[in-house]
Amino acid sequence: MTSRTPDRPGALSTVATPPRPAVRPAEAVIIAPGIAVRGHLITRGPIRREGPAKLTGDAQYADDLVFPGAWYGATIRSNLARARFLALELDPGFDWSNVVVITAADIPGEPLMGAVKGLTPDQPVLVPLGGEIQHHSEPLALIAAPDRRTLRAARRGVTVRTEPLPPVFDPLDSDKVFVSHDVVAGDLAAGFAAADMVLEGEYRMGHQEQLYIENQAMIAVPTEDGGVTVHGSLQCPYYVHPALMRALAIDARQARVVQAETGGGFGGKEEYPSLLAVHASLLALKCRKPVRMIYERHEDIAATTKRHPAVVRHRTGVLRDGTLVAQEIEVILDGGAYCTLSPVVLGRSTTHAGGPYRCPNVRITSRAVRTNTPPNGAFRGFGAPQVIFPVETHLNRIAEALGISPLEIRRRNVYRLGDVTPTGQVLSSSVAGLEVLERAAEAVDFDAARAVTQQARLTGQGWDSVATSPLRSPDRPSASGIGIALAWHGCGFTGSGELRYNSIVTIELDATGQVRVLAANTEMGQGTRTILPMIAAQALGIPSDEVEYAPQDTALVPNSGPTVASRTATIVGGLLVNAARQLRAEVEARSGGRSFAKAYREDAARHGPSRASAQYQPFPGQPFDERAFTGDPYPAWGWAACVARVDVDLDTGEVAVRDVVAVDDAGVVVHPILAEGQVEGGTLQAIGYATIEEMKVQDGRYLNDRLATYLIPTAVDAPRITAIMVESPFDGVPHGAKGLGEMPMDVGAPAVIAAIHDATGIWIDRLPATPERVLAGLTASAGANESGRPGSGGHDRPGGRP
Amino acid sequence: MTAIRFLVNGAPVELEAPGMRRLLDVLREDLGLTGTKEGCGEGECGACSVILDGEVVVSCLVPACQVDGRIIRTVEGLAARTPDGRILDDLQAAFLATGGAQCGMCTPGMLLSARVYLDAGGGPDEDAIREAIAGNLCRCTGYTKIIEAIALAAETGRRPAGA
């Protein structure tokens with residue numbers, strides 16, 4: 001389903017009612033080199049570029065690449081969360097002649113890594129002897145051997161000597177603040193003084209693992225000029241490239257980064273591959289062989305970045321009619337042992353903390369702090385899910401206390417055109433919060449559905465009076481509920497991030513007449529390789545299959561910035577349109593009035609190759625002040641709403657999410673199937689975050705660092721997810737697209753938690769809503785309730801007036 | 001080392017391998033069939049699923065000695081090979097049409113679980129499809145378009161059984 005804000009026609013074509021996809025029988029049609037389908041493939045939009053290769057097993061992921069004579073590398077890691085690294089002992093009884101060992105002393109360049117430009121490097125490539133180990137599973141040394149058996153034996157021959165030091169695990173106890181912000185708008189005291197009610201709450205979230213199905217993987221190949229080429233599973237070739245130059249003390253030509261087919265990233269392959277590439281390269285340069293470092297799942301979960309755990313506190317003043325008049329919000333992110341991307345994540349948490357709601361008097365204080373756990377980093381949503389769950393849940397508690405429906409309180413407060421955000425941004429275009437909210441409510445007839453579940457709860461009838469529940473059975477009483485959530489999500493980097501990268505995109509018409517997009521933005525499943533050629537083709541007026549997408553290889557493509565922050569379709573896509581328009585104008589100017597489509601092949605034959613590039617230019621609007629945290633943090637905001645229905649087993653506390661409607665505003669939908677795929681997949685990750693995904697941490701170590709113990713939703717756990725796309729085009733880019741991939745991650749969890757409340761009357765203030773937490777809530781609720789019957793109306797009391 | 005003979009995608013294979021070598025490694029490293037993926041190495045994710053004598057198994061938990069004399073089908077064996085190239089089967093084509101593959105790492109295993117489901121006469125019923133792929137984890141799609149693809153292939157029902 002696709003709708004368009006009526007008065008804003010989009011730049012790209014859109015699909016009204018999708019035809020049921022099918023393959024019409026006929027002669028075989030070639031869809032990729034050597035691959036055909038029987039008949040014409042009926043689908044919405046071009047087929048995924050690398051789809052045929054992925055479906056036949058042809059696609060080459062890092063571990064599928066063969067480098068004759070390659071060695072195998074491994075990492076020696078700490079088994080304490082904080083300690084002094086005293087010694088690395090090699091068993092004298094083992095034959096080390098055919099093994100290379102790397103310690104910090106062997107690093108030719110800078111010993112410390114920084115995740116991105118502008119952040120102080122603080123993470124050691126390897127902990128030096130005598131240095132401090134700051135987290136469990138921290139890399140201490142590297143070894144490589146010609147075969148796995150020798151590698152395993154060599155690993156057993158390495159002993160690490162350490163002296164324990166006292167660790168810090170609770171972010172509230174941390175004495176090291178990586179970064180902090182204080183955003184003030186209006187007069188908070190006056191706001192609270194004017195309030196009819198004030199409500200306080202504290203919300204907590206733990207780690208979440210990205211759990212891409214392909215583990216981290218990197219292969220480093222030494223080159224004759226003393227440099228190295230790495231082939232890996234990664235999101236950002238131009239993060240890895242400078243990391244290699246710095247750590248290995250090599251120049252830009254000696255370092256080359258080639259992305260292999262990448263089996264999911266979700267942020268987990270934003271910054272971590274830089275460290276892994278440096279590790280593999282150090283080994284490769286020492287043994288002068290290609291070195292493969294392919295993590296196993298256990299190592300991947302134990303050592304790599306997670307979503308930041310968070311503590312978020314709200315104190316909110318409202319009028320009787322639900323109007324927000326004061327928001328005081330404190331956000332604390334647990335950064336783990338090193339800075340990595342925490343300042344950038346915190347920036348997004350800070351700008352999103354108030355939610356998509358107008359409030360004249362706001363103070364948001366935020367900080368990211370160090371603890372002795374593996375560094376936390378990028379994960380889809382990037383600090384926004386950690387603040388959207390609290391603000392949404394808090395708003396629901398306010399609505400309940402005031403006797404207003406969760407839908408109505410959102411209608412009354414959601415940003416409208418012309419409203420001003422806490423950083424002072426005037427929302428002057430593409431404001432679709434109300435639209436996504438209404439579309440979501442209308443898709444499920446929210447008020448009517450909630451009336452049924454409310455009635456059931458208030459009369460203590462549980463499942464008996466509501467539609468069929470999969471948990472329903474005579475001996476397992478269950479209750480059903482429905483919940484709604486709303487969010488905004490800033491497109492692209494926070495603040496001046498885009499300025500720092502100065503991204504360049506190039507489009508070329510080569511001498512053979514082939515049009516090609518040159519950009520560093522990676523395909524990891526989300527569709528970059530399909531949508532960027534579509535955007536270019538649209539601007540050139542040619543079919544998208546006439547546009548190639550060059551491989552993500554730093555020797556071939558310019559730095560168009562990282563593939564993060566939902567920036568590919570909007571920011572990179574916008575640059576691409578500008579570059580394509582230049583190329584088109586150039587070719588048409590010398591083609592005697594013929595269109596680019598008609599003229600370009602002949603133009604190439606006659607004039608040789610042509611190229612056009614476009615570089616990032618700041619968007620109009622107020623510049624963002626990184627210190628004061630004022631101005632326009634994003635050129636545009638995307639809007640998302642979600643309605644979830646759940647069943648809660650009142651005996652066990654188990655939550656089954658039955659179905660979800662997700663409504664997301666992508667500005668303009670470039671490819672309907674790929675866009676829906678983003679919404680559906682992001683929504684399920686959010687449901688996992690809300691219900692079952694919990695990292696157990698003991699002494700700084702992840703206890704459930706295996707797929708048998710860290711659970712993600714299976715097809716049986718997953719609800720039916722309906723994606724509804726809304727289009728409210730962004731007028732700052734020529735094609736109107738905004739970000740999409742992260743928004744579904746923001747709204748899923750609060751919708752599920754709201755539905756659990758609707759079913760049971762309990763408020764879950766800590767994610768995930770495990771059976772234990774739900775059961776504890778039910779028990780407390782029963783204790784507080786005269787009837788003694790769980791799920792019959794008991795609820796937390798709202799906080800008192802000031 | 002043990003001499004092991006089996007059929008893979010219709011072709012006879014004979015090799016010497018340690019009996020406890022994982023079938024996954026035999027396929028990927030000894031035979032170069034890298035379409036079969038490793039996701040967890042402990043039978044949880046289903047990325048390494050292959051069809052062994054008509055049933056889905058996780059090849060990371062199957063020792064090579066157990067496949068002697070048996071018939072294996074991997075993702076490379078789904079598309080029909082013709083002199084002009086390969087032609088995707090209906091299931092692969094349906095995945096392409098609905099957007100059932102995103103990052104592609106779960107896709108080979110997902111296709112094989114679905115293939116067995118369809119070959120056993122499975123229909124377009126959503127709950128039955130969910131059960132059939134319950135052993136295959138996907139982190140990208142939310143399963144929606146995978147289920148849609150399998151239902152579509154079931155509806156078209158033109159698949160040559162065991163091709």
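These legends accompany a set of close-up views of a predicted model. Residues are numbered from 1 along each chain as its sequence is written, chains are lettered from A and ligands numbered from 1 in the order in which they are written. Local features need pLDDT of at least 70, side-chain atom pairs count only at pLDDT 80 or more, and totals for chains, interfaces and linings use all residues, while side-chain values use heavy atoms, with hydrogens and water left out.

**View 1. Domains 1 and 3 of chain A.** Let us start with the layout: chain A is assigned domain 1 (62-167 + 215-303), domain 2 (310-493 + 628-786) and domain 3 (503-615), with bounds that come from an automatic or database domain assignment. The centres of domain 1 and domain 3 of chain A, taken over C-alpha atoms, are 35 Å apart. Where they touch, 18 residues of domain 1 of chain A contact 16 residues of domain 3 of chain A (contact means heavy atoms within 4.5 Å). About 1300 Å² is buried between these two domains, 51% of it from carbon and sulfur atoms; buried area is the accessible area (1.4 Å probe) that two parts lose on being put together, summed over both. Look for A:Gln235, A:Tyr238 and A:Gln259, which supply 45% of the area that domain 1 of chain A buries here, more than any other three residues.

View 2. A:Asp553 forms a salt bridge with A:Arg256, with the closest N and O atoms 2.5 Å apart. On the domain 1 side, helix 4 (237-248) and strand 16 (255-259) of chain A each supply at least two residues, and strand 16 gives the most, with five. Helices (H or I, at least four residues) and strands (E, at least two) are DSSP runs, numbered from the N terminus.

**View 3. An aromatic pair within chain A.** A:Tyr415 and A:Trp488 form a tilted pair, 5.0 Å centre to centre with 40° between the planes. Rings of Phe, Tyr and Trp (its six-membered ring) pair if their centres lie within 6.5 Å; planes under 30 degrees apart count as stacked, over 60 as edge-to-face and the rest as tilted. A:Tyr415 sits in the loop between helix 9 (406-413) and helix 10 (433-444) of chain A, and A:Trp488 in strand 21 (residues 478-490), 73 residues apart. The whole structure holds 13 aromatic pairs over all chains.

**View 4. Where chain A meets chain B.** Here 67 residues of chain A are in contact with 51 residues of chain B. Together the two chains bury about 4900 Å², 55% of it on carbon and sulfur atoms. Ten salt bridges are counted between chain A and chain B; one of them joins B:Arg28 to A:Asp64, the closest N and O atoms being 2.7 Å apart. Helix 16 (672-691) of chain A is among the elements that supply at least two residues to the side touching chain B, and helix 16 gives the most, with eight.

**View 5. A salt bridge between A:Glu132 and A:Arg82.** The side chains of A:Glu132 and A:Arg82 meet at 3.1 Å, N to O. A:Glu132 lies in strand 9 (residues 132-133) of chain A and A:Arg82 in the loop between strand 4 (71-77) and strand 5 (83-90), so the pair ties together parts 50 residues apart in sequence. Over all chains, the structure has 64 salt bridges.

Conventions: A salt bridge is a side-chain nitrogen of Lys or Arg within 4 Å of a carboxyl oxygen of Asp or Glu.
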